[in-house]
Amino acid sequence: MKPSRIFFLFSMATLIALLLTHFGKENRIVEKTSLSMGTIVQIKVPSDCCESQKKLEEKITHAFSEVRRVENVFSVYRENSEVSRINRLAYGQPIRISDEVFGLIETALEYSKRTDGAFDITVKPLVDLWASAKVSGMMPGEEEIKAALAKTGPQNVILDKAFKTISFKKRGMSIDLGAIAKGYATDRAIAMLKQEGITAAIVNSGGDMYCLGMRSKKEPWTIGIQHPRDREKTFLELKLADEAIDTSGDYEKFFVLNGKRYSHIIDPRTGYPVGDEVVSATVTAGDSVTADIYATALCVLGPKRLDIIKEAKGVEAMIVVNEDGVLKPYVSPGFKERYSVSKIDL
Ligand code: AMP
Ligand code: MG
């Protein structure tokens with residue numbers, strides 16, 4: 001094992017704690033921001049959308065409560081969460097779980113198959129191993145990676161639909177829904193807003209975004225995608241209505257080990273984090289969970305496997321790769337046409 005220097009860059013989202021309300025008279029948007037799930041969650045509603053600003057604020061606050069509820073259920077950083085309970089108890093014995101957690105785990109396992117194993121919630125032993133490596137600055141040994149890999153695999157999670165139970169086949173297994181929970185929280189917040197009669201809004205859970213309805217009667221929402229290596233620059237703008245968009249990649253959370261830049265996303269096939277060849281994957285879909293899953297999976301699979309989204313209805317994607325220091329975009333066949341993209345300014 002070689003010692004090496006190591007650097008962290010956490011997203012601003014994880015560092016800044018703020019709660020603010022903003023009334024932009026000129027654009028008539030009610031905007032509230034809250035800290036949840038280790039990131040900033042932002043909700044915007046056009047103030048002429050439905051009713052008084054005070055009422056809108058209350059409704060947005062309800063949506064934030066829903067995001068916090070989702071965090072309390074799914075976070076592996078909370079000892080009392082249902083997922084932490086599963087991780088403590090599910091080896092060798094069936095544990096009864098809620099319909100909600102069962103449903104999301106079932107979805108996650110299904111998508112492991114659809115992504116040829118690239119999306120895999122059982123990677124937690126590897127996530128933990130590489131988290132320790134980040135702290136120590138020491139590259140894990142081959143044996144350690146092999147041992148952690150042996151504790152993974154979606155086929156080692158047993159779900160019983162009739163009894164709503166889960167169990168793990170291997171000792172030391174654990175699950176991490178970090179690559180799907182923010183998308184799920186976004187979908188839940190949107191569902192809450194809709195339930196309260198809101199017809200236009202944006203919910204953005206640290207990049208997992210859903211655009212409900214239109215920005216105004218004439219205009220869809222315009223979403224700018226941040227340049228992977230220049231925080232100040234937007235390299236592409238997309239117009240969206242009733243659609244989710246999510247970007248996963250190495251530019252918000254990454255670390256450097258032995259001089260190489262690694263993503264926080266693990267390749268479940270090798271046990272290593274994704275390197276700096278794939279910089280980011282942006283996915284649009286009809287819901288945030290689907291966008292969240294494919295964005296993570298495409299970071300693992302890279303542009304050669306963009307075809308995995310073919311079977312998913314209404315999903316488009318763009319992958320940015322680093323080819324010898326030059327950033328290059330790869331897009332799914334329908335991407336440019338659907339979003340009228342003439343130039344990608346990387
Ligand atoms: P995201 O930012 O949505 O791509 O999710 C990344 C997070 O999901 C990581 O911080 C890990 O907790 C977890 N994760 C890492 N690699 C994978 C993977 N291949 N499949 C599913 N979850 C992963
Ligand atoms: Mg994801």
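Me: Domain bounds here come from an automatic or database domain assignment. Which domains does the assignment give for the protein chain?

Reply: Domain 1 is 6-65 + 179-337, and domain 2 is 74-177. This is a predicted model, in which local features need pLDDT of at least 70 and side-chain atom pairs count only at pLDDT 80 or more, while totals for chains, interfaces and linings use all residues. Residues are numbered from 1 along each chain as its sequence is written, chains are lettered from A and ligands numbered from 1 in the order in which they are written, and side-chain values use heavy atoms, with hydrogens and water left out.

Me: How far apart do the C-alpha centres of the two domains lie?

Reply: The centres of domain 1 and domain 2 are 24 Å apart.

Me: And how many residues are in contact?

Reply: 28 residues of domain 1 touch 27 residues of domain 2, with contact meaning heavy atoms within 4.5 Å. Between them the two domains bury about 2500 Å², 72% of it on carbon and sulfur atoms. Buried area is the accessible area (1.4 Å probe) that two parts lose on being put together, summed over both.

Me: How many salt bridges across that interface?

Reply: The rule finds two between domain 1 and domain 2; a salt bridge is a side-chain nitrogen of Lys or Arg within 4 Å of a carboxyl oxygen of Asp or Glu. The structure holds 21 salt bridges.

Me: What does E110 pair with?

Reply: E110 forms a salt bridge with R114, their closest N and O atoms being 3.4 Å apart. Both lie in helix α4 (residues 99-114), four residues apart, about one turn of the helix. Helices (H or I, at least four residues) and strands (E, at least two) are DSSP runs, numbered from the N terminus.

Me: What about D116?

Reply: D116 forms a salt bridge with R305, and the closest N and O atoms are 2.7 Å apart.

Me: Switching to ligand 1. Which residues are closest?

Reply: 16 residues surround ligand 1, and the closest are A118, D176, S248, I266 and T296. A residue counts as near if one of its heavy atoms lies within 4 Å of the molecule or strand in question.

Me: Where does a nitrogen atom of ligand 1 sit relative to A118?

Reply: A ligand 1 nitrogen is 2.9 Å from a polar backbone atom of A118. For D120, a nitrogen atom of ligand 1 is 2.9 Å from a polar backbone atom.

Me: And which backbone is 3.3 Å from an oxygen atom of the ligand?

Reply: That is A179, through a polar backbone atom.

Methods. Polar contact = N/O pair within 3.5 Å; in protein donor to acceptor, adjacent residues only side chain to side chain.
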